[in-house]
There are 2 protein chains.
Amino acid sequence: MSHSATDSVDDIPLYMQRLGARARAASTALRALDSGRKNAALTAIVARLDAARPALASANAADLERGRARGLSEPLLDRLALTPARIDAMLAGASQVAALPDPVGEIDGLRYQPSGIQVGQMRVPLGVVGIIYESRPNVTLEAASLCLKSGNACILRGGSEAAASNAAIAACIRDGLRDAGVSEDAVQVVETTDRAAVGELIRLTASVDVIIPRGGKSLIARIAEEATVPVIKHLDGVCHVYIDAAADSDKAVAIADNAKTQRYSPCNAMETLLVHVEAAPQVLPRLAAIYRDKGVEMRGCPQTREWIADAVAADETDWDAEYLAPIIAIRVVEDFEQAVDHINRHGSQHTDAIVTESVTLARRFLAEVDSSSVLVNASTRFADGFEYGLGAEIGISTNKLHARGPVGLEGLTTRKYVVFGDGHVRQ
Amino acid sequence: MSHSATDSVDDIPLYMQRLGARARAASTALRALDSGRKNAALTAIVARLDAARPALASANAADLERGRARGLSEPLLDRLALTPARIDAMLAGASQVAALPDPVGEIDGLRYQPSGIQVGQMRVPLGVVGIIYESRPNVTLEAASLCLKSGNACILRGGSEAAASNAAIAACIRDGLRDAGVSEDAVQVVETTDRAAVGELIRLTASVDVIIPRGGKSLIARIAEEATVPVIKHLDGVCHVYIDAAADSDKAVAIADNAKTQRYSPCNAMETLLVHVEAAPQVLPRLAAIYRDKGVEMRGCPQTREWIADAVAADETDWDAEYLAPIIAIRVVEDFEQAVDHINRHGSQHTDAIVTESVTLARRFLAEVDSSSVLVNASTRFADGFEYGLGAEIGISTNKLHARGPVGLEGLTTRKYVVFGDGHVRQ
């Protein structure tokens with residue numbers, strides 16, 4: 001067993017380099033592991049966690065107690081709690097990942113070229129993935145499952161509040177990997193809560209291929225700023241719904257309601273509603289009644305306030321705000337172009353929707369709005385890996401390179417060229 | 001006309017920011033340009049260049065004269081020269097790019113999800129591409145063509161030796177863009193030879209989406225080190241051919257000859273030959289005769305030197321060397337595993353080949369060798385965009401994220417999620 005809980009973590013750079021080297025070595029073996037073996041490992045891990053529920057509960061209780069003593073807020077304590085129902089959901093998630101098709105090894109576009117060679121692209125693991133997250137301990141299993149299934153070794157760094165819970169989950173993962181005959185170094189949990197470990201992890205270019213941060217904007221911004229390893233991320237979700245002059249009013253009201261109020265905190269919730277001046281009379285009074293009823297604070301441009309008397313005046317900062325709260329910014333626009341310009345200027349290239357019956361404008365919206373998800377006549381709330389049929393989600397990316405939008409197993413892989421010849425040489 | 005040759009370049013940061021802002025604005029229009037218009041622009045550019053041959057010749061003569069006065073080496077002067085034949089090839093290349101299928105707008109995998117929404121992925125331009133290259137002025141048109149066809153605005157920074165040639169080509173490109181009614185800011189050539197401009201370009205995260213450096217290793221290493229914009233690149237091409245015990249000797253000799261000697265300087269030329277101990281008697285004496293005949297210096301491990309008496313002793317540095325010259329490192333290995341381990345340890349994840357008749361080992365080689373191109377029974381020299389059927393190539397990437405291997409039009413695009421509903425909301 002190369003991994004050892006007795007490794008010194010006094011020398012953080014050395015400790016992280018060793019973690020990285022072990023992960024790199026494990027990734028070589030994982031690359032060649034067949035789907036059956038990876039699924040067997042996931043199943044073994046689920047069985048180990050299921051059998052260890054009492055240990056998980058006491059580890060989590062210790063985290064919660066320490067959290068209360070440190071005065072953590074109730075929402076934070078809630079995120080930290082591993083209730084039996086959450087453990088059920090966590091294990092069900094890992095079993096679902098085992099049931100997903102394995103993306104590794106798929107060869108696309110294999111074609112003969114004029115020289116006689118056959119050329120295609122094969123999907124392969126990225127190698128080593130570093131995941132940095134905050135308090136929710138169930139992310140430990142979720143991230144480990146997705147990385148394992150996609151053939152990647154991973155290094156997981158959870159929040160210090162959840163250290164005992166994460167260590168208990170990590171022990172079960174190691175046991176499950178060993179049960180299935182897979183290297184325990186396939187999943188390593190950083191065993192120090194020292195923040196310096198994060199600084200080292202995001203600069204381990206020799207042994208880490210990508211960093212995926214999950215958490216608040218300040219965490220992600222800091223990581224993106226300091227990392228030399230590539231980062232798959234999104235910072236903001238300033239999402240828009242644009243109700244066009246040619247919108248069906250009922251669809252428009254249903255979508256603008258759902259996108260804002262179905263849940264307030266997710267990154268794919270609408271923050272700004274744009275309404276074509278010709279649609280305003282039909283939709284704004286109806287929407288205002290709904291938002292008022294649900295306690296949503298409305299902040300509008302002057303034209304909006306002609307239709308919604310109790311809306312407060314929006315200022316320029318509202319167009320760039322990610323409220324993640326029962327607040328909405330509303331702007332009346334003169335035409336389609338102004339709406340698209342507003343979105344490309346103030347949006348975060350996350351998720352934006354148009355409501356229109358016009359095929360022409362729907363086509364234009366898809367081409368001209370430069371966001372990771374662009375929707376026609378559907379709520380922005382659909383933008384996640386499960387709703388998109390990915391089966392799972394490690395996060396949402398607003399990067400232009402590599403994975404864009406919800407990231408599932410495929411986003412944890414890359415493609416290399418494969419060539420088949422029969423002694424072919426280049427002329 | 002927003003672009004102006006009279007812009008001051010005294011303040012480099014300000015100058016580069018303005019270039020970036022103009023490129024970003026142009027990219028918004030390019031994103032929505034249909035294939036016909038992009039092809040018309042390419043055709044107009046080719047016509048303008050064809051008509052400007054005398055101007056190109058005199059600009060290039062000025063560069064050559066200045067180069068000779070500065071004592072540039074003959075190979076450098078040769079790369080700098082725009083002969084009539086090279087101009088022909090350059091224009092033919094741009095016409096070929098116009099004839100390629102347009103990758104932009106292609107929607108993959110559009111499927112209904114259980115909620116009733118349809119979800120797919122649409123291929124879209126990256127946005128703004130910065131290309132930094134050395135002396136060859138034909139790269140100016142090549143890079144501009146590929147970026148334009150893929151819907152990207154570009155900022156081109158060529159070598160200072162080719163400043164007059166690049167400016168003459170850039171003028172024709174601007175004229176051609178104007179002829180076709182496309183924003184002249186779609187292709188901008190940096191008009192200062194001050195190196196500080198490169199430093200600014202690679203940090204323009206607000207307006208540049210990706211940097212593609214083309215040139216020597218030291219240039220690329222420096223850019224990769226300092227850039228905050230993502231870089232698509234490769235540093236080394238330490239490419240291997242592994243001749244397995246189950247190799248057909250004739251194919252093995254033909255491939256190992258071609259991979260080394262067809263041309264010495266390309267990054268996909270073989271640098272190290274690995275030979276299974278059982279194949280050594282059949283292939284090493286035959287290959288030695290060929291290499292000796294062609295003047296290739298052989299550097300071998302002790303076992304190699306038992307078969308090739310005139311091979312010099314290789315030391316550890318030879319296994320990591322990218323010679324790009326008539327020198328080859330040769331190592332006899334005990335088994336398949338040792339060969340794969342050598343490649344993954346000493347290679348540059350660029351291009352590696354196996355010669356074998358064993359289906360089992362071919363499959364394993366594809367899965368276990370972690371390189372951007374992996375070949376079975378074919379020469380490493382095939383690893384380029386033209387031979388792979390991409391129709392063109394902006395470079396070769398050994399990155400794991402985004403594009404890996406030869407990069408054509410598709411590597412200059414990304415995919416966003418598109419969703420079609422009919423008033424769908426999330427439950």
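Buried, for this talk, means under 20% relative accessible area, exposed means over 50%, and partly exposed is in between, with a 1.4 Å probe and protein chains only. Okay, ground rules. This is a predicted model, where local features need pLDDT of at least 70, side-chain atom pairs count only at pLDDT 80 or more, and totals for chains, interfaces and linings use all residues. Residues are numbered from 1 along each chain as its sequence is written, chains are lettered from A and ligands numbered from 1 in the order in which they are written, and side-chain values use heavy atoms, with hydrogens and water left out.

Now, salt bridges. I call it one when a side-chain nitrogen of Lys or Arg is within 4 Å of a carboxyl oxygen of Asp or Glu. Over all chains, the count is 66.

Start in chain B. Asp102(B) and Lys38(B) pair up at 2.9 Å, N to O. Asp102(B) sits in the loop between helix 5 (84-99) and strand 1 (107-112), and Lys38(B) in helix 2 (residues 35-51), so this pair ties together parts 64 residues apart in sequence. Helices here are DSSP runs of H or I, at least four residues; strands are runs of E, at least two; both are numbered from the N terminus. Buried or exposed, Asp102(B) and Lys38(B)? Both are buried.

Next, across chains. Asp384(B) bridges to Arg426(A), closest N and O atoms 2.7 Å apart. Asp384(B) is in the loop between strand 13 (373-378) and strand 14 (395-397) of chain B; Arg426(A) follows strand 16 (413-424) of chain A. Both Asp384(B) and Arg426(A) are buried.

Last, a network. Salt bridges link Arg24(A), Arg31(A), Asp209(A), Asp370(B), Lys400(B) and Arg404(B).
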